[in-house]
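Have the viewer open as you read.

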Amino acid sequence: MYRSISVQQADFSSAEELDNLRNRARGGAVCLFSGIVREHFQDNAVTGLILEHYPGMTEKSIDSIVDQAAERWELSGIRVVHRVGQLAPGEQIVLVCCVSEHRREAFAACQFVMDLLKTDAVFWKKEHTASSERWIESSSQDHSAAGRWRTADDVKSDVS
Amino acid sequence: MRQPVIEVLFFASLREALGCDRISIETDTAITLDQLHAELKRRFPAERYRTLLDNNIRVAVNQELTTGVVRLNPGCEVAFLPPVTGG
């Protein structure tokens with residue numbers, strides 16, 4: 001399986017990422033998710049986000065998520081791009097693209113990787129509005145979304 | 001040769017609360033996490049140090065999350081991680 005992970009400040013082109021991945025991974029189904037910085041938090045206009053990471057450990061945490069996706073589904077390629085640094089509303093923040101023979105695997109793997117990025121990837125996100133700033137934590141919905149994927153065996157070994 | 005120091009990193013909200021992103025602890029011998037905490041408690045004002053005790057804070061040694069008792073060897077990198085979120 002082809003895999004590629006980038007943690008970068010620079011913006012990316014979804015179209016180029018898609019073409020690159022399709023040149024390296026064959027399959028009848030490609031699912032691409034792109035996350036965009038939202039313009040509002042509750043009723044407040046968001047003026048920007050800052051994404052912090054731990055160079056080395058952040059990449060390893062994404063690598064582990066990709067490993068888990070590759071174990072679960074028959075995939076021929078996965079590409080993850082995650083941006084760090086200062087981001088404005090409307091900017092791209094993350095891209096996940098999965099290639100498989102059939103759509104079911106590509107859809108599921110894409111959702112799985114995104115769900116685990118929310119809870120397991122080593123990033124910290126600070127949101128600025130005109131009047132305040134706050135560190136965002138993964139929500140209980142994020143945790144239940146990621147939790148849905150955990151099998152009974154995973155849960156057993158996860159008790160700590 | 002291993003450096004006789006343990007590098008301690010603080011990220012995100014912890015970096016802000018402590019007012020620094022890293023400190024070096026000089027030691028020729030391995031220490032426990034409790035001993036590291038004692039040293040950090042000595043170095044930071046009490047109300048700042050307290051932020052490291054939050055139940056949600058996780059500790060990584062050489063970029064691996066730790067569970068239970070760990071030995072911190074000279075030359076290792078210890079990181080205090082507040083709750084993460086990506087995507």
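Asn62(B) counts as partly exposed because it has 14 C-beta neighbours inside 10 Å. (Buried takes 20 or more other C-beta atoms within 10 Å of a residue's own, exposed 12 or fewer, and partly exposed is in between; the C-beta atoms are placed from the backbone.) Look for Asn62(B) in the loop between strand 4 and strand 5 of chain B. Its phi is near 50°, a positive value in a residue other than glycine.

Ala12(B) also has phi near 50°, again positive and again not a glycine. This one sits in helix 1 (residues 12-18) of chain B, and with 23 C-beta neighbours inside 10 Å it counts as buried.

A word on the ground rules: this is a predicted model, where local features need pLDDT of at least 70 and side-chain atom pairs count only at pLDDT 80 or more, while totals for chains, interfaces and linings use all residues. Residues are numbered from 1 along each chain as its sequence is written, with chains lettered from A and ligands numbered from 1 in the order in which they are written.

## The sheet in chain B

Chain B has an open sheet of 5 strands in the order 2-1-7-4-5, with mixed pairing. Strand 2 (22-26) and strand 5 (64-65) of chain B are the edges, each pairing on one side only. Helices (H or I, at least four residues) and strands (E, at least two) are DSSP runs numbered from the N terminus, and two strands pair if DSSP finds at least two bridges between them.

Strand 1 (residues 5-10) and strand 7 (residues 77-81) of chain B run parallel, joined by 4 bridges. Glu7(B) has Glu77(B) in strand 7 as its bridge partner.

## The sheet in chain A

In chain A, 4 strands make an open sheet in the order 1-5-7-2, and here too the pairing is mixed. Its edges are strand 1 (2-8) and strand 2 (29-36) of chain A, each pairing on one side only. The twist averages 5° from one strand to the next.

Strand 7 (residues 92-100) of chain A is antiparallel to strand 2 of chain A, with 8 bridges between them; Gly35(A) stands opposite Val94(A). Strand 5 and strand 7 of chain A are antiparallel as well, over 7 bridges, and there Leu75(A) stands opposite Ser100(A). Strand 7 of chain A is mostly covered, with 8 of its 9 residues buried.

## Helix 2 of chain A

Helix 2 of chain A has 16 residues and reaches 23 Å from first C-alpha to last, close to the 22 Å expected at 1.5 Å a residue (the expected span is 1.5 Å times one less than the number of residues). Its buried residues include Met57(A), Ile62(A), Ile65(A) and Val66(A). What do the buried residues of helix 2 pack against? In chain A they meet strand 1, strand 4 (44-53), strand 5, helix 3 and strand 8, and they also reach strand 4 (58-61) of chain B.

## Where the chains meet

The contact takes 21 residues from chain A and 14 residues from chain B, where contact is C-beta atoms, placed from the backbone, within 7 Å. On the chain A side, helix 2 (57-72), helix 3, strand 8 (123-129) and strand 9 (133-136) each supply at least two residues. That side divides into 11 nonpolar, 5 polar and 5 charged residues. (Nonpolar is Ala, Val, Leu, Ile, Met, Phe, Trp, Tyr, Cys and Pro; charged is Asp, Glu, Lys and Arg; the others, Gly among them, are polar.)

Notes. Axes fitted to C-alpha atoms, helices over the stretch in contact; angles between N-to-C directions. Contact = placed C-beta atoms within 7 Å.
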